[in-house]
Amino acid sequence: MKHGITQLFIPGPTNVPDRVRRAMNVPMEDQRSPDLPALTLGLFKDLKTAFKNETGRVFMFPSSGTGAWEAAIQNTLAPGDKVLMARFGQFSHLWVEMAERLGLEVNLIEVEWGKGVPLDAYEQAIAADKAHDIRAVFVTHNETATGVTSDIAGVRKLLDAHSHPALLFVDGVSSIASIDFRQDEWGVDLAVAGSQKGFMLPAGLSFLSVSEKALAANKDNRPKMPRSYFIFADQITLNDQGYFPYTPPTQFFHGLRASLDMLFEEGLENVFARHHRLAEGVRRGVEGLGLKLVAAGPEWYSDTVSAIYVPEGVDANRVMKIAYERYNTSFGGGLAKLNGKVFRIGHLGDLNEVMCLAALASAEISLADAGAKITPGAGVAAAHAYYREAHANTGSER
Ligand code: PLP
């Protein structure tokens, strides 16, 4: 019989730190109170810092990340607009599906799962588009289904090289606030994030960080996509005064205040370095066990999630079931065509080395129980060696 708390090693929702949880535990409050703006205006400002967006603005919607995907499309594009997208995992797939449902004409590039944005194919499409019919280029920065991170700066470079004016849409749901993201420097026009990953909050708040160019695209008077709840104009009028055009989830705002404070106290660059170190330890552990990542090479490695193939003849779903029922551990599953072949270790948010070692230990024991021929302890030992070496190299006492 399962008892006690379950260790979360899924790639979101992530652990909510006690400080964030306590900050959210406040009595209900008046969403039109005179002092709400003192909280919310600071959040809007600090979210811009987290996205590295100095010139544009950030919207907060009471939705999961998917809502911000929709808001991004509805506010800047129109049915029939041509867009360039690539599919290399379940989340990039779902964004394509949404774009098609909303009537966009998608030039879709299929990419082998395990790789990310195909810069060459994108460049060919952009170079061939002399009339600038492509209105937007989409990239899933971190494909959570496969543990693959894409090169956003590379996409900006190719757009600039061809002086192409397309808007750049980026899904940063499982990257922003965990791994390096630079909205202004990379010329990202619409960047989507969710509360339940690097921001260490429960699911339910989405962030959409937009550039001045995206705001201008929103204002121009072309025929628009029907939209209502997510309409930018209504948000802007009230957000500028610290309010919202609907009842906002004020508890979340207190939690977000605490999570942004934690991110800035650690320092964003240190947060990214920690995620890299933790991820590298997990990857060494996977290698130590003789297992393979879905990510096709180091250039694609994600520092927030590792998708791991189980050995031939082992059912990944059984590994996860054993992990959950016997060892109180939740791993992410293999999504869509990776189902049964892959499990995923999420290593993002409020996490440290010992927690990653625990994740590897639980993976080892669950794999062994499910019939995998692995050497117990080999993954943990490899990660352990790496973490010691990484700390010796930085001289860090942390
Ligand atoms: N994009 C990516 C990369 C994701 O990982 C997820 C969810 O895991 C989503 C989009 C969808 O976000 P949500 O589930 O918050 O709607």
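1. Gly-333 has Phe-343 as its bridge partner in S14. Gly-332 is bridged to Arg-344, also in S14. S13 and S14 (residues 342–346) pair in the antiparallel sense, over two bridges. Two strands count as paired if DSSP finds at least two bridges between them. Helices (H or I, at least four residues) and strands (E, at least two) are DSSP runs, numbered from the N terminus.

2. On the basis of the note: this is a predicted model, in which local features need pLDDT of at least 70, side-chain atom pairs count only at pLDDT 80 or more, and totals for chains, interfaces and linings use all residues. Residues are numbered from 1 along each chain as its sequence is written.

3. The sheet. S1 and S13 run parallel and are joined by three bridges. Gln-7 has Thr-329 as its bridge partner in S13. The open sheet has five strands in the order S1-S13-S14-S12-S11, with mixed pairing. S1 and S11 (292–293) stand at the edges with a single partner strand each, so one side of each has no neighbour in the sheet. Strands of a sheet pair through backbone hydrogen bonds, either parallel or antiparallel.

4. Helix over sheet. H11 lies across S13 and S14. H11 runs at about 160° to S13. Axes here are lines fitted to C-alpha atoms, for helices over the stretch in contact, and angles run from 0 to 180 degrees between N-to-C directions. The loop between H11 (316–327) and S13 (329–333) holds Asn-328. Phi of Asn-328 is positive, near 55°, and the residue is not a glycine. Asn-328 counts as partly exposed, because 14 C-beta neighbours lie inside 10 Å. The cut-offs: buried means 20 or more other C-beta atoms within 10 Å of a residue's own, exposed means 12 or fewer, and partly exposed is in between, with C-beta atoms placed from the backbone.

5. Two further backbone points to check by eye. The peptide bond from Gly-12 to Pro-13 is cis, with omega near 0°. Pro-13 sits in the loop between S1 (7–9) and H1 (18–24). Ser-163 is not a glycine, yet has a positive phi of about 45°. Ser-163 belongs to the loop between H6 (152–161) and S8 (167–171). Ser-163 counts as exposed, because 8 C-beta neighbours lie inside 10 Å.

6. Helix H9. H9 has 17 residues (250–266) and should span 24 Å at 1.5 Å a residue; the end C-alpha atoms are 25 Å apart, which agrees. The expected span is 1.5 Å times one less than the number of residues. Buried residues of H9 are Phe-252, Phe-253, Gly-255, Leu-256, Ala-258, Ser-259, Leu-260 and Leu-263. These buried residues pack against H1, H2 (36–51) and H10 (268–288). Just after H9, Gly-267 takes a positive phi of about 95°.

7. Domains. The assignment gives domain 1 (7–13 + 267–394) and domain 2 (18–264). Such bounds come from an automatic or database domain assignment. The C-alpha centres of the two domains lie 28 Å apart. The contact takes 26 residues from domain 1 and 25 residues from domain 2. Two residues are in contact if their C-beta atoms, placed from the backbone, lie within 7 Å. On the side of domain 1 that touches domain 2, H10 and S12 (305–309) each supply at least two residues. H10 gives the largest share of that side, four residues.

8. Core. Val-137 and Leu-208 touch the most other members of the largest nonpolar core, which has 115 residues. Domain 1 and domain 2 both give residues to this core, so it lies between them. A nonpolar core is a set of buried Ala, Val, Leu, Ile, Met, Phe, Trp, Tyr and Cys residues joined through C-beta atoms within 7 Å. Leaving aside neighbours within four places in sequence, Val-137 is in contact with Leu-84, Tyr-122, Val-155, Leu-159, Ala-166, Leu-168 and Phe-169.

9. Leu-278. This residue is found in H10. Leu-278 is buried, because 24 other C-beta atoms lie within 10 Å. Leu-278 touches His-347, Leu-351, Glu-353 and Cys-356, not counting residues up to four places away in sequence. Leu-278 and Tyr-386 are 108 residues apart in sequence and 9.5 Å apart in space, C-alpha to C-alpha.
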